Amino acid sequence: MPIDPTLPYDDNNIFAKILRGEIPCNKVYEDDAVLAFHDIAPQAPAHILVIPKGRYVSWDDFSARANDTEIAGFIRIVGKIAREQGYVQPGYRLLANVGADGGQEVPHLHVHLFAGKPLGRMIAE
Ligand code: 5GP
């Protein structure tokens, strides 16, 4: 079910539960501000979700409310994870869905990191 990205943050969303350790995840990277883990239903040979630990509903919320340090740190870590996983060559794709038309289903900001094969058209027909 698509979410409404204008609603307040919901502490019961699935990624909040993963961050609190109430639900397990297959972790790729963690620091004070960021957690990255494998998507439970991968849509490419590699499909990693990168999330900030802060309470941000979406990319819209994060870009509006997070401070410059959080935003810069998050972007650097996404790049670092991709580098460390060896995805830079031959390449990878980042995706952040926002709201209903974007197809966002979990109301905690996450960037999808896809890799492992030629990823085809940017948007499905
Ligand atoms: P969205 O559609 O919101 O951009 O993407 C949500 C993603 O979260 C989906 O790709 C879905 O497979 C993934 N996901 C949903 N629940 C879980 C979960 O409990 N664990 C993990 N690792 N991924 C999940």
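Biologist: Asp39 is buried, with a relative accessible area of 16%. How is the word "buried" to be read?

Modeller: Buried means a relative accessible area under 20%, exposed means over 50%, and partly exposed lies in between, with a 1.4 Å probe and protein chains only. Asp39 therefore counts as buried, at 16%. Please note that this is a predicted model, in which local features need pLDDT of at least 70 and side-chain atom pairs count only at pLDDT 80 or more, while totals for chains, interfaces and linings use all residues. Residues are numbered from 1 along each chain as its sequence is written, and side-chain values use heavy atoms, with hydrogens and water left out.

Biologist: Which residues come nearest to the ligand?

Modeller: A residue is near a molecule if one of its heavy atoms lies within 4 Å of it. The ligand has 17 residues around it, and Asp39, Asn97, Glu105, His110 and His112 come nearest. Helix α1 (14-19) and the strands β2 (34-38) and β3 (46-52) each supply at least two residues of this shell, and α1 gives the most, with three.

Biologist: What is the make-up of the shell by class?

Modeller: Ala, Val, Leu, Ile, Met, Phe, Trp, Tyr, Cys and Pro count as nonpolar, Asp, Glu, Lys and Arg as charged, and the others, Gly among them, as polar. Here the shell holds eight nonpolar, seven polar and two charged residues.

Biologist: Which polar side-chain atom lies 2.8 Å from an oxygen atom of the ligand?

Modeller: A polar contact is a pair of N or O atoms within 3.5 Å; within protein, one must be able to donate a hydrogen and the other to accept it, and residues adjacent in sequence count only if both atoms are side-chain atoms. The atom in question belongs to His112. The backbone takes part as well: a polar backbone atom of Gly103 is 2.9 Å from a ligand oxygen, and a backbone N or O atom of Ile40 lies 3.2 Å from a ligand nitrogen. Taken alone, the ligand exposes 520 Å², and the protein buries 84% of that (areas by the Shrake-Rupley method).

Biologist: Is His110 buried or exposed?

Modeller: His110 counts as buried because its relative accessibility is 6%. His110 lies in the loop between α4 (99-102) and β5 (111-115), and its side chain reaches the backbone oxygen of His108 at 2.7 Å.

Biologist: Which backbone atoms do the side chains of Ser58 and Ser63 reach?

Modeller: Both side chains reach Asp60. The side chain of Ser58 reaches the backbone nitrogen of Asp60 at 3.1 Å, whereas that of Ser63 reaches the backbone oxygen of Asp60 at 3.1 Å. Ser58 lies in the loop between β3 and α2 and is buried, at 0% relative accessibility. Ser63 lies in helix α2 (residues 59-65) and is partly exposed, with a relative accessible area of 44%.

Biologist: What may be said of Phe15?

Modeller: Phe15 has its place in helix α1 and counts as buried, at 7% relative accessibility. Phe15 and Gln43 are 28 residues apart in sequence, and 18 Å apart in space, C-alpha to C-alpha.

Notes. Accessible areas come from the Shrake-Rupley method with a 1.4 Å probe; for residues, only the protein chains shown count as cover. Helices (H or I, at least four residues) and strands (E, at least two) are DSSP runs, numbered from the N terminus.
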